[in-house]
Amino acid sequence: MEVLKEKVEEEEEAEREEAAERGKKMMRPVEMRREELPMTQEMLRDLEKKLSEIEIIIPEPPIITKDTIDISKLPLSYQSNTLKEEHLLEVADNFARQYSHLCPDRVPLFLHPLNECEVPKFVSTTIRPTLMPYPELYNWDSCAQFVSDFLSMVPLPDPLQPVVKEEEKAPPKKYAIKPPRDLSSRFEQEQETKKQEELKGEEERQRKEEEQRLLEVEKAKTDPLHGLRVHSWVLVLSGKREVPENFYIDPFTARSYSTQDDHFLGIESLWNHKNYWVNMQDCWNGCKDLVFDLGDPVRWEYLLLGTDKAPLSVAEEEDDTMNDDDVENLGKEDDDKSFDMPSSWVEQIEISPEAFETRCPNGKKVIQYKRAKLEKWAPYLNSNGLVCRLTAYEDLECTMTLEIKEWFQNREDTLQLRHINKSTGLIIDYFKPGHPQALRVHAYKSMQPEMDRVMEFYETARVDGLIKREETPKTMTEYYRGRSDFLSYRHVDFGDRVKKLALNSAESNPRPMVKITERFSRNPEKPADEDVAERVFLIPEERTQLRYHCRDDHITASKREFLRRTEVDSKGNKIIMTPDMCINFEVEPMEHTKKLLSQYEAMMKLKNEEKLSRHQAWESELEVLEILKLREEEEGAHTLTISIYDTKRNEKSKEYREAMEHVMHEEHLRQVEAQLDYLAPFLAQLPPGEKLTHWQAMKVKDECLSDFKQRLIDKANLIQARFEKETQELQKQQQWYQENQVTLTAEDKAWYLSYYSQAVFRMRILEQRLNRHRELAPLKYLALEEKLHKDPRLVEFLEVFV
Amino acid sequence: MHRLYNSVEPRVMDEDMLKLAVREQGPKEEAGQLARQEGILFKDVLSLRLDFQNILRIDSLWQFENLTKLQLDNNIIEKIEGLEHLVHLVWLDLSFNNIEAIEGLDTLVNLEDLSLFNNRISKIDSLDALVKLQVLSLGNNQIGNMMNVIYLRRFKDLRTLRLSGNPIAELDDYRMFICAHLPGLVYLDFQRIDDHMKELAESKHQYSMDELKHRENLIQAQLDEERAQQEELEKHKAAFVEHLNSPFLFDSMYAEDVEGNKLASLPGVSELLQAYKDKFVTICLNIFEYGLKQQEKRKLELDTFNECVQEAIQENQEQGKHRIAKFEEKHSLSLNAIRDESDLINIEVKILEYSEDITELFNVLMTLEMQLVEQLEETINMFERNIIDLVALFIENVQSLMAQCRDLENHHHEKLLEISINTLEKILKGELDEDLPDDLRALFVDKDTIVNAVGASHDIHLLKIDSREDELVSRTNSWCAHLVDTIHKNEIMRNRRRVREINQYIDHMQNELDSLECSEVID
């Protein structure tokens, strides 16, 4: 069983009850099953139970590879059938015979597939409700997700027939399993087919041709086995645990489907861990019209009468039955009824926390979709923290990659998603809060500086309030929020790099800035006419343009333009300031702005501010370089963070723990050494310092053994003596009690009774000890003998002898 | 103080002295060159230093209206004066002078730092206007009374104080007293007041401080109450019904009514009067409440109107701004294109295009404005009609209530007349039992006299009622007229401003283009 068995465990009764889940097989359904037959069936059931809760599958290869499973190690219940199971099989066979007689046209029932030990087992007994310790498995959706991750699908050798006992005269039906790819593609194909039909109707569509192409592709793929394959899935019945209506769960995709869904073509039979029902309803219209009242014997032919008492109004009765059984009393319950389902033969599923975290077999799972592939990994499996990758392809053959999305976990650089668009070459990295540079999003095509890129930041984590920085080869645009200088936008245009001839300016040769545009939000403390809204520095022209904010009741805003010129007038004096160096447009002309002095002062101030802006832009460029460098380092190192609560991965705590264990171990060794030397008293009788002779060695050994034997006997005698003494005492007291029974006071009586129970208790203990001693004494004796044989002091003599 | 100011000739602050100071202290280097070229206006000067000038009298400073910092230390000034116009002053230094009293600072509401160090001041006062005062230096003066410190409690922002060199600084309790009474103070005589010191001072002067605080609180509470009353009255006045919620009007009717008061002591009249008063006051109260209600209504009407108008204007402005923004975008491109263009013909074509753009922008903006004017005019007219209706309704109702008052008065008058005549008859017949006061008895001489007296009282009453009514009506009407007038005026102003703004902008654009054209031609 190991292989595949997943057992379903029922944790919560409530759940189970509610979720009367059954596996159904359909003959026609598009989808089929996975691993070999026995497994399949088991899995099916398991899946059903999944509903109830959890199933675990051992990630080993499927049954088919029987060789890989060591059957001998499986428990006895796997390798043989109990009487009750044999009986059940007979009942099932009888049922099947009647069934095939009554319904000769229908596919034979899937009742008792072979398990991994080639033993036929009734399907219901492969289900074992189990409660798992993981809260995620308590609800169907996350549970189903886990099962779909945890199991890997293996196609059946024959997609139409599950393996059943070969010996049977009436060969059971077979169930086909399809490769996983087909699984998903089937589904999509159907959708495509539908689409095609729609498309045909809609002639207006321009994409007709393309559709045609698609049609062809799909036609080529049309499944000749459509409707013949076997598939099993889980049905959850409404009622318990607030399940409002019946629904299906597909175990491989963990998706739920309405019972009205078109993809379910029919149901042959249905089972849970208690009973087996055959569908007697017509499935010509798929499963849409099926009524899931399992108590109605006209619609659902049951196999065992006893288990589910319930004709009609199934839900309630089921509830009752199921309510009673907890995991523990599942077995007992069976005994009471005339013929109940035998308790399950599979072992309880155990999922280790590691396996649970790993989820997929070997921590990795690949799911192929049409034009897409989804890969999943367990956390920490990949050294770069990759946990999920979705690849979208352009073509059906999946050779041309369209885009890739990669999800990461536990990255120290807080990278959580990388989106790679292959057609444009654009890579977008998304970061969680906490990156050292407060990065939020980084979109780039190349890690080289001065290329197209967009960086977004968590602006509250930055001192300068930067939200976003966009770069192209010639420009850099920054967006700010919440700055005390009200700067909200800065755009820098760069010119061509001046080629420097000399090497002396070693490293940095920044691109010259041609134009800096800065925008400011309104500073409520200044009048609008003095609050600059936009400032443009045209650096090579030495021109500065200012645009002010608009007054509340105006539609035009003041503007000013400064043009710095360093010229000399006719007399050779330097021109400091002339009226044409400052062009003003003022909404409300102000006197002081006309004065050269104030213009001059404003210009000088702007000169300084220009310097400052250039410096800031330059620093931004540096920061980009720094971030790129940091990102490269981070990518290179891709360190993963480990929670301090993660004791397994946390190296420090692991080291500490190992050190502690080491210390404990040494301590233990010392204690062992310090134990008494059993040979010491005998060796002491011999003359010290001399080497043992053979005879002496033998003598020492014999003495030691006989001494030990004596001690064992003494001990037994001692226990025996005590027992006898206790017995005598008790007899005496009993006698006294019987003689004086009539005259005894209540106190005396109470005393006697307590004495009596204590004495009986002591005697029982002594008896047990004696028995135990008798059992163990020979073993101990043998153990000592063995020890003596191996004792380094005696070994050379004894060995020779032996 | 120590300087003998007769050793140097006292100087007068005149134009030349100020000019010199301004020039010396003005901008330097290149900016200075410019400043000399242009000249500096006194009103542009922000800071002025006039120390060691032997100035006796502060004068001629009225032009420095934007001055924020003025240094007049080390002169021989005896009186603080001539600073009334320097309302922007933040920093004033009058140390080392011969000032004897603090005065002339009542307009300097922005003053934060005042130095009167080394003068002859003996009393701290007249600083009430200096609400922003933070630093005060009064060292080396002649302040001898500790109580002066309490005066400083009103300056909530005062952080630094210097009082050393005064007689009070010699007192043992000097520091403690100041710390306790000025808890906001951080530095005293250039020493930081630490927390320990504060605690000590507080505990030491706790008793007197509590008392002081209590007194201050009482005064404050009284002030608050007065203010609240004043506000309430203002509100009532705005509703034109002030004092109508009390027997004020009734009392005023009798305030000047000599005969009426005399007659009040006639038997039976006091009951009559009481009933009359009750009814009268009730009607007044009705008027009052109705007035407040109507005021609310008018206010709501006005608020709604203002809001709508603002919205309309705002929206219109947004459209205008949008147009201009679009134009400017194109404008800079066009200008550049024209500059870069070398072909003359092309330039001309482009310039033409551009000037067409400008014309179009002008048309668009003006159309927008005209639209708005029309819309607003309609709205304003509607509002005008509504508010006039409201006011008319108010007046009408008040008048009808007032008429009730008059009816009451008439009724009262008749009763009073009746009683009076009866009394007269009784007196004439000698049947009157009670004694009447002499002045009252004097009225009961004959019928004419008493009828006249009663009539006079009646007339006075009616006059009072009429005048109150007239006052209410005329004030209400004038308020209404004024409001409507203001709205119209504002709208006209707004329109003119906008048109001017548009023209100014278009002119600017046109000028820019013209100058470009010129330069092109020259090129």
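Begin with the second largest pocket, which holds about 1,200 Å³ of space. Here a pocket is found on a 1 Å grid over the protein atoms alone, as an open set of points where a 1.4 Å probe fits, with protein on both sides within 12 Å along at least five of seven lines, and a lining residue has an atom within 4 Å of a point; the volume is the space filled by probe spheres set on the points, which are joined across faces, edges and corners. This is a predicted model, in which local features need pLDDT of at least 70 and side-chain atom pairs count only at pLDDT 80 or more, whereas totals for chains, interfaces and linings use all residues. Residues are numbered from 1 along each chain as its sequence is written, chains are lettered from A and ligands numbered from 1 in the order in which they are written, and side-chain values use heavy atoms, with hydrogens and water left out.

Next, select Gln545(A), Glu561(A), His331(B), Ser332(B) and Leu335(B), which lie nearest the centre of this pocket among its 38 lining residues. Colour α9(B) as well, for this helix (a DSSP run of H or I, at least four residues) gives the largest share of the lining, seven residues.

Now show chains A and B together, where 29 residues of chain B are in contact (heavy atoms within 4.5 Å) with 23 residues of chain A. The two chains bury about 2,300 Å² between them, 54% of it on carbon and sulfur atoms, where buried area is the accessible area (1.4 Å probe) lost on being put together, summed over both parts. Select Glu30(B), Leu34(B) and Glu501(B), which supply 24% of the area that chain B buries against chain A, more than any other three residues.

Then zoom in on Glu328(B) and Lys559(A), whose side chains meet in a salt bridge at 2.9 Å, N to O. The rule, a side-chain nitrogen of Lys or Arg within 4 Å of a carboxyl oxygen of Asp or Glu, finds two salt bridges across this interface. On the side of chain B that touches chain A, α2 (29-38), α9 (269-340) and α12 (447-522) each supply at least two residues, and α12(B) gives the most, with nine.

Finally, select Arg162(B), whose contacts include Phe117(B), Asp189(B) and Phe190(B), not counting residues up to four places away in sequence.
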